[in-house]
Structures are given as C-alpha cells and as structure tokens.
Amino acid sequence: MATAAFGHEREHYLNKEYGIRSWLLTTDHKRIALLYLVSITFFFFIGGFLALLIRLELLTPAGDLVQADTYNKLFTMHGQIMVFFFLIPSIPAVLGNFLVPLMIGAKDLAFPRINLLSWYLYILGGILMLHVLLTGGVDTGWTFYTPFSTAFSNTKVIEAGVAIFINGFSSILTGLNFVVTIHRMRAPGMTFSRLPLFIWAHYATSIIQLLGTPVLAITLLLVVFERAFNLGIFDPNRGGDPLLFQHLFWFYSHPAVYIMILPAMAVESEVVACFARKRIFGYNFVAMSSIAIAVFGFLVWAHHMFVAGISLYSALIFSILSYLVAVPSAIKVFNWTATMYKGSVSFTTPMLYAFGFIGLFTMGGLTGLFLAALGLDVHVTDTYFVIAHFHYIMVGGAVMGYLGGLHFWWPKISGRMYPEAWGRLAALLVFIGFNLTFFPQFILGYLGMPRRYWQYPPEFQVLNVLSTAGSTILAVGYLLPMVYFLWSMRYGKIADANPWGAAGLEWMTSSPPPTFNFDETPEVTWEAYNYEHIPAAAEVPVER
Amino acid sequence: MFDNLPLWPARASTTAGSVDALYIFLVALSLFVSVAIFTMICIFALRYRRRKGREAEQIEGSTILELTWSAIPLAIFLFIFAWGAVVYFKERTPPRGATQIYVVAKQWMWKLQHEEGQREINELHVPVGRDVEMIMTSQDVIHSFYVPAFRIKQDVLPGRYTTLWFHATRSGTYHLFCAEYCGTQHSGMIGQVVVLEPAQYEAWLSGGLASGSLASNGQNIFQQLGCVTCHRSDTQGRGPNLVGLFGKRVQLEDGRTVIADENYVRESILNPSAKIVSGFKPIMPVFQGLVSEEQLNALIAYIKSLNQPPAGAAATPSLVSPSTKPQEPKE
C-alpha cells in the first residue's frame, strides 16, 4: 500500500485504518471497490488460464492435449468465470463503485452495508464456482442449454447454477445501489443534465442489472429444479420445452452484453473528453443513447435463436429490432470521433486504450450486422464467427474499456502514477495480441468451423495456429499492467489531486480521497466537461 | 487455393451464392466504414495533437449532424435487414415436390432414412440438381445439422421436427457438422454429404440393400401395431380415415383447426389425447416409448403416401410423395 512513506502523511481512505478487519468490515465504497478489484483480477487470471489451455488444445487438429470431456469443461468454465465473475462486475463493481459517489459529490453510496453485502455474495458465489472448478467442473457450455444440462450432463450443473444464482444477487444489489444513489445523493447543483456521461451509462447499466438478472436467477433455479426434482419444464421427455429455456436465458444474457459494454462506453466518454480537452460532442445524444441501448437491449434476445426452431415471423421481428439497437451504438462512436475535432489530443495510455476501444468495438459492432442479417446468420451462427464477434465486443470493447479506466483513475485510486512507457507498451501489446487472436476466427467461422469443437478438420489448422500465437501476446499484454500497477503502489511517482487536468468532481478532491470523499460537500455551478476552465496538467506530454 | 489455408468455403448449393453475395456486401460495407472511422481518428488525433500555446476549441455538438448520422446508418441497416430477410425466407421455405430425407440425431451420430428405403449413418448421398428437404428430430439433446458448403444450418430438437432444404449444384464431398454443443463427442458428430451426378446417384440408390421403401416399412409397422383396425380406409373406423389426410386442415373437437403436418402426426401417435379430431372419442392408446424415432418417420412417410392415388396395387404405396405444403417449424 502507498502508505507510511512520510512521517506525517495526510489521512485518506487507504491509511485511515489498518488490519484485515478494517478491510473485510468496511462500508467505504472505495475500499469495497478495491476488494472487488482484487477478487475479479483473481478470477480474470483463472479464466485467462483456461483460455490459454483451450488455445493450446486447438494448436493441432487432433484432440491431443486434454480429453474431450476436459476440453468441454475448459470452455464452459472459461465462459462462466469470465462472464459472471469478471466481465459483469468489472467496470461497475470496481470503477463504478469507486467513482459513482465521487463523481456526483456524495460521501458514499446510498446503502453502504448493502454494498459490502454484494461483495460477500460475489465471494460466496465465487468460492462455490472454484469448488466446482476444482472438484470436476461443469460441461454444459456457459449457456446451460436444456435438455443437455438438465437430463444428460453428468457434471456439477446444480452447483454451478447455484454459484451463478448467488453471484447474480451481488449484481442486482450493485445496480440497486447505483440507481438510488444517482437519484438521491447528487450534490447541490448536480442536475441530471450536468452528470458526467460515466454516470448516465452506469445508470442505464444498473437498470439492466435490476430488471434482467432476476430472470436469469429464475431460469437457473428452474434448471436446478428440473435436474434435482425431475420437474418437467424444459425437457420434452417430461413434457417441457427446450426453446423456453433459450428464450428465458437470452432474455437476460443478451442485455448482459450491455451490462459489460455500457460501462466501457462510460469510461470511453470520460477518457476521450479528458485527452481531447473538450466537452463530449453531442452530450445529450450520447447520454440518451445509453438509455436507448438499455431499453432496446431487452427486445432483441431471440436473435440468438434464428436457427433454433423459432417461427419465421418472430425471426423477422427480432432481426429488425437488432438493427435498431445498433443505431445508438453507432451514434456513440461518431460522437467520440467528433469530440477530437479541434481538440488538443494527447497520446497517454488511457487514450491509447480509448483508441483501441473505438477500433475494436466498431469491428465488433459491424460484424454484429452480419449476425443480425437472417439469411447470413444461418451460416455463421454457432461458428467461430460468433466467437470472434462477441470477443471483439466483450474483450476488445469491455476489457479495453476496463484497462483504460483503470489507468486513467489509478492515480486517484492509489495516489501514485503508473509508469507511462510501460503502460503504452502494454496497450500496444494488448491491441496487437487481441487482433491476432480473434481476427483469424472470423475467417474460420465463415469457412464453417463450429464453435466448441475439441478436434477439427486439418484445413482449419493454420488459422488456429495464428490465433493461438496471438493469445500468448495477449497474455503478456494482460500480465504487464498487473506487474507495474503493483510496482507503482510502492515506487510510483506521487500523484497530485488532478494529474491529467481532468474535469469532474472526483479530480477536485485529493488523491487518494479522504474517507468521506470531500472535505466539504461541493456545490456544482458548471456543466460537465468544462475543460475551458481547467488548466492543462504537467503530467500530460506535449507534442512538438 | 492453398490446401491448409483456405480462405473461402466451397460453394455447392443454390443458397450458397445468395448468402455469399450478402456476405461480400457486408464485408465491403464494413471495410468502408471502419477505414472511414480509423482515418478520421488518425487525422483528428494527429492534426489536433496537444501543442504548446494551442487550446482546444469547445464545440457543443450539432443536432443536424446527430440526426444525419442516425438516419443514414438506420437506412443502411434496414436495407441489410430486408436483404437478409429475403435470403432467410428462401432458406426456410422448402419448394414443393422436394425429395424428403428423414434425419434422426443422437449423441453422437447422424442417422438418415431415404424415402427409397436406404439408411445411412454420418454419410448422406444426394443428387445434384434436385431439391432435398430434411425432416429432422433428435433422440436426446439438441443438435444442429450444418453443411458449410451449402450455407445451411438448422437445430435438431428432441420431441418435434424441424426442417431444412437445399439444392446441391456441384458434385463432391462436403463436411457435415453438428453445430449445437451436444456433449462429450460433439466434435466427433461429423460426417459427410456426398453429392452425386444424377446417374451416379441412381446407381447408388440401386446398389444398396434397401428392404422396401420407407413408406412400405411404415405400412408394415402400421399393421403390426394394430393401427389399421381403427384407422380404416372407409368411414366405419373408430379412428379418423388417414387417406388424403396429410397436409390438410383438421377440425378438432375443441373447435380449433390444425394443419396435419409432421409434428401433428407425431403428437397424435405419441400422445393422442392432446388433439382430438372432431367427431371421435379419445380412445387411442398412448404410443410414447413404444415406437422409435425411425419407426415414427416410417409411419409418417406411410401416411404421406396415402395422399397418392394407389399406384398399381394398393399394398405398394408410391415411392415419391410430393410435399403438399410450404412447411415451417412451429414455435
């Protein structure tokens, strides 16, 4: 910890109390954010390790590194851990938790104890998931499709379902906390139209968490009931309907993609504004597009089911709705780009991640147009095309956003600067490694390689080798920040309150902030992103 | 093309061309859009990079620009939607008179039954230049019938039929994949589609050890199970007369009407009381668990054959039974 370097250091949230109790029983949103940071990083590296094993198995066409059953468990648990224990909590539970009260000028979230409870629920679900991983695993695919999951799989489906069920409540409570906090705890003068776009996007995210996650919880419970008590809900042999499961599952799991990507867009808006030193172009449109994505996101779930056996006419409806949800995403990309026009752009690490985000998210979004096109989806669905597409969104988009945000607010969180040169190198490695890993998979998918294949025909090998090679570069790119962030906590340059010269209330309090965030409650008399009144900072390099 | 680095899948059906056309259009569009955005980003970032003595110019935004860059993408999206829908509509609508092949999927095997009586496992022989409709069901979990060279895919579900059709255009051997994860040997549930020139196909058909057509097998089962005692071909039976039934509208006891398609016939055999035909009593025993999926397919083929005027002797139903309806899977 960045503490006790000087004899009479200013008191802040990190050095106010010491000892394990002061962390495990804390109700400080900033400390809970750090608890989440440590836990999700742990799960990220487990999920990443499983992914590396998958890529190593796919280096050769034959199934030769692990057994078929093991491979099936690898991709299942990679998906479940990455989606439920890393991506969904990533930005909201870490950066959101830390920043939502700071950005609106509040002392804490509305329900600090519920905030701590949500972390404990996450940990409880996480321990159960680890137990599943270590005692045999689960092999249903992260999607739990019935009747395979309820009547055929011989693995720990019930335990995994319960783990995700419990973890879901952590997500619901975080969403609830944010909604109430944003409505009730804003500082005087902080009207909705003055909110940073980070808050708007987190508000939209929270709505999805609140309304969507209970449906997943019910669905998983029904899977558990069918499997444990022989209730006939999804299994046709017991009078159930397997497509009902898919409808219920995707009713949550499509909006869940927006739980991952909206917060990344939230980070994007803050970073681009700061390093272009400009108010975001079209603030109202960017804010409203977040809400539009949340609303339309609930109406497109069956686009995962175009070949599943739904009627032709419902497929038409879900296809056209999927195109509608693409419009607000496009609006955001155009506005971020336009923000740089006549700006004052600097190429810091967070900005490099922001550039990477725009590029990868754009490619992910464009390939989404392929998948929403009914006649084309028939060919590419359930192939590596889909794998590539959603990794561009969820890794290229959400993880780039998360890493960019972590760099941007690291001085605020830790009170230290990370090493800028290493940061830029890592950002570059992530971008190159990511594209090398996932771009070949678009080609593989159009060639027809199905997803979840342990062995594959030899003509697909070269592209798979490229992909595996890329994944090793990506792994280095992800390990580097872990190392230099830890290093910087002790050796990094001390950060002042506003090292980037950024707008936003969080930069008006000291780094790291005091326990109750502000020495006195700020009164807001200005619009968001008032960069014309904020002096540029010495930290940010000036180009010649 | 390079053997170990193919960049384009084989194109061997009428559908493949229309899917590829849409794909090429989308690739071109994506290239254009991403290059445009990347170029703008590079120009803005370099042209307006941070320099001493130059401040950013604050610009609020522009409603006209926002509306423009919402409306133009929306128009393009709707165009793609319409194109995709047209291709999909064609993919999902089997032409009349297609040759019907029955598929039973199970962990981890494809079982195929031809109308002529041939049975195959993990290998499907079809002729060039003929419409072929697959009528598919699963014995256990969900599978998916996928032939990349035809650009077609359809999930295969337990407890009901889904269909898919294609019109092969080029002879050759193509991959058949299971595309819906189905357990341990999912990646081993593969096979091949052998597309033959018509003459070769006829030779293949006559070379097999088929013991009678699928419909005549169905007729045998129909007699063995005693169906024939109630479902008589006159009006005196205790069950409905099945002659000419298939593909027709049926009036039910509760006032609804249904089309007598494969799913209806299946349900009426396995769980007869689900839909009672108007004027009949619910006296038929349940056959759930007593007939296999393959026998069900034979029974359905037999009932379809009853739509034909008896060709020659009544005991040998005609071999080809044109489908009478543009069928699509129900919700």
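In the predicted model, F145(B) stands opposite Q154(B) of strand β7(B). Because the model is predicted, local features need pLDDT of at least 70 and side-chain atom pairs count only at pLDDT 80 or more, whereas totals for chains, interfaces and linings use all residues. Residues are numbered from 1 along each chain as its sequence is written, and chains are lettered from A and ligands numbered from 1 in the order in which they are written.

Stepping back to the sheet, five strands of chain B form an open arrangement in the order β4-β10-β9-β6-β7, with mixed pairing. Its edges are β4 (123–127) and β7 (152–156) of chain B, each of which pairs on one side only. On average, neighbouring strands are turned by 20° against each other, direction ignored. Helix α3 of chain B (residues 198–207) packs on this sheet, touching β4 and β10 (191–196) of chain B, and its direction makes about 130° with that of β4(B). Contact means that C-beta atoms, placed from the backbone, lie within 7 Å; axes are lines fitted to C-alpha atoms, for helices over the stretch in contact, and angles run from 0 to 180 degrees between N-to-C directions.

The loop between β6 and β7 of chain B holds R151(B). This residue has a positive phi of about 60° although it is not a glycine, and it is buried, with 30 other C-beta atoms within 10 Å. A residue is buried if 20 or more other C-beta atoms lie within 10 Å of its own, exposed if 12 or fewer, and partly exposed in between.

In chain A, helices α11 (residues 349–372) and α14 (residues 420–447) pack at an angle of about 10°, with their axes 9 Å apart. The helices α11(A) and α14(A) are therefore roughly parallel, a term for angles under 35 degrees. Contributors to the contact include L352(A) and L360(A) from α11(A), and F431(A) and F434(A) from α14(A).

P147(A) is found in the loop between α4 (112–134) and α5 (148–152) of chain A.

Methods: Pairing = 2+ DSSP bridges. Helix = DSSP H or I, 4+ residues; strand = E, 2+ residues; numbered from the N terminus. Contact = placed C-beta atoms within 7 Å. Parallel < 35°, antiparallel > 145°, perpendicular 65-115°, else oblique.
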